[in-house]
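I wanted to see how its pieces pack together.

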Amino acid sequence: MNNHFKIKPFHQDYAELLQITDTHIFADEKETLDGVDTQSSLKEVLNLARNNDWPVDAVLVTGDLAHDPVTIVYERLLDILTDIDKPIFWLPGNHDDPKLMYQVLNKKNIHTAKSIEIGSWIVVMLDSFLANTHAGYLAQDELDFLDKILNENLDKHVLICLHHPPVEIGSVWMDSMRLNNPEDFFNVLDKYDHIKAVLWGHIHQEFFSERHGVTLMATPSTCVQFMPGAGQYTKDGRAAGYRHLRLNASGEINSVIRRLNEDGA
Ligand SMILES: [Fe+2]
């Protein structure tokens, strides 16, 4: 497995990324997630991105690619994602089977690299999967990897991606399944001052905050949305979407969320 991947951004002054997350693809194509056909919704979101923010330098997929973590689901995702003519990087979520993903989602433009060098930026893809729970955990080897990458790239700006929120988002049921060891994560981050943002999925809603000068962001799912602030599972009627990121050479990030029927799609 090649852990590092280098991309030369199309523009000299910035790199452009697409983040899609929580695609929740089912084994049975007729099944829906609370009434949403997740596969069709993913395809519509990708078309929206193609129509509004193309080209990008790379695509990030931040977990829960599968709802049912079986081979046929990852093969179907392989078909959809290889259709995108851009480098794609993924990390696993609580619904995924990381071992199976490494076997299937590891071809053509789809990479398993955990650090991506893109212009003056490093994007780090962390694995917070923890078996038999919807919560997450960063194992010591993952924390060591993060520390090593940060230390080796002091001259770069850094974007860190993972599936689980490292902070509470103010939604009780979601906060009970966030990252179990955020203090270990932030202990590593607090040693450095070149980290610009942390980006995740899992919560199926937009989130934006800041901690010690580091931007914290989460992104709507490509299928069902969860109601912000809800104490228990509550579907939010807002449309599926994605996040577009511009990573400027200056270290500044410009980011926008686009949703299906809210942008004239
Ligand atoms: Fe999740």
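**Entry 1: helix α1.** I started with α1, which runs over residues 38–52 and has 15 residues. From first C-alpha to last I get 21 Å, close to the 21 Å expected at 1.5 Å a residue. A reminder to myself: this is a predicted model. Which residues of α1 are buried? My list reads T38, Q39, S41, L42, V45, L46, L48 and A49. I then looked up what these buried residues pack against, and found β2 (14–20), α2 (71–82), β14 (241–248) and β15 (253–259).

**Entry 2: the sheet beside α1.** Next I traced the open sheet of six strands, and its order is β5-β4-β3-β2-β14-β15, with mixed pairing. The edge strands are β5 (110–111) and β15, each pairing on one side only. Helix α1 packs on this sheet, touching β2, β14 and β15, and its direction makes about 40° with that of β14. At the other end of the order I checked β4 (residues 88–91), which pairs with β5 in the parallel sense over two bridges. There, I88 stands opposite I110 in β5.

**Entry 3: helix α4.** On to α4, residues 140–152, with 13 residues and a reach of 18 Å, close to the 18 Å expected. Here L146, I149 and L150 are buried.

**Entry 4: the nonpolar core.** I looked up the largest nonpolar core and it has 65 residues. Those with the most contacts inside it are V123, V124, L126, L159, I160 and C161.

**Entry 5: S171.** Last stop, S171, in the loop between β8 and α5 (172–175). Is S171 buried or exposed? I count it as buried, because 22 other C-beta atoms lie within 10 Å and the cut-off for buried is 20 or more. Beyond residues up to four places away in sequence, S171 touches P228, G229 and A230. P228 is 57 residues apart from S171 along the chain, yet their C-alpha atoms are separated by 6.5 Å.

Definitions and conventions: Residues are numbered from 1 along each chain as its sequence is written. This is a predicted model: local features need pLDDT of at least 70, side-chain atom pairs count only at pLDDT 80 or more; totals for chains, interfaces and linings use all residues. Helices (H or I, at least four residues) and strands (E, at least two) are DSSP runs, numbered from the N terminus. The expected span of a helix is 1.5 Å times one less than its number of residues. A residue is buried if 20 or more other C-beta atoms lie within 10 Å of its own, exposed if 12 or fewer, and partly exposed in between; C-beta atoms are placed from the backbone. Two residues are in contact if their C-beta atoms, placed from the backbone, lie within 7 Å. A nonpolar core is a set of buried Ala, Val, Leu, Ile, Met, Phe, Trp, Tyr and Cys residues joined through C-beta atoms within 7 Å. Two strands pair if DSSP finds at least two bridges between them. Axes are lines fitted to C-alpha atoms, for helices over the stretch in contact, and angles run from 0 to 180 degrees between N-to-C directions.
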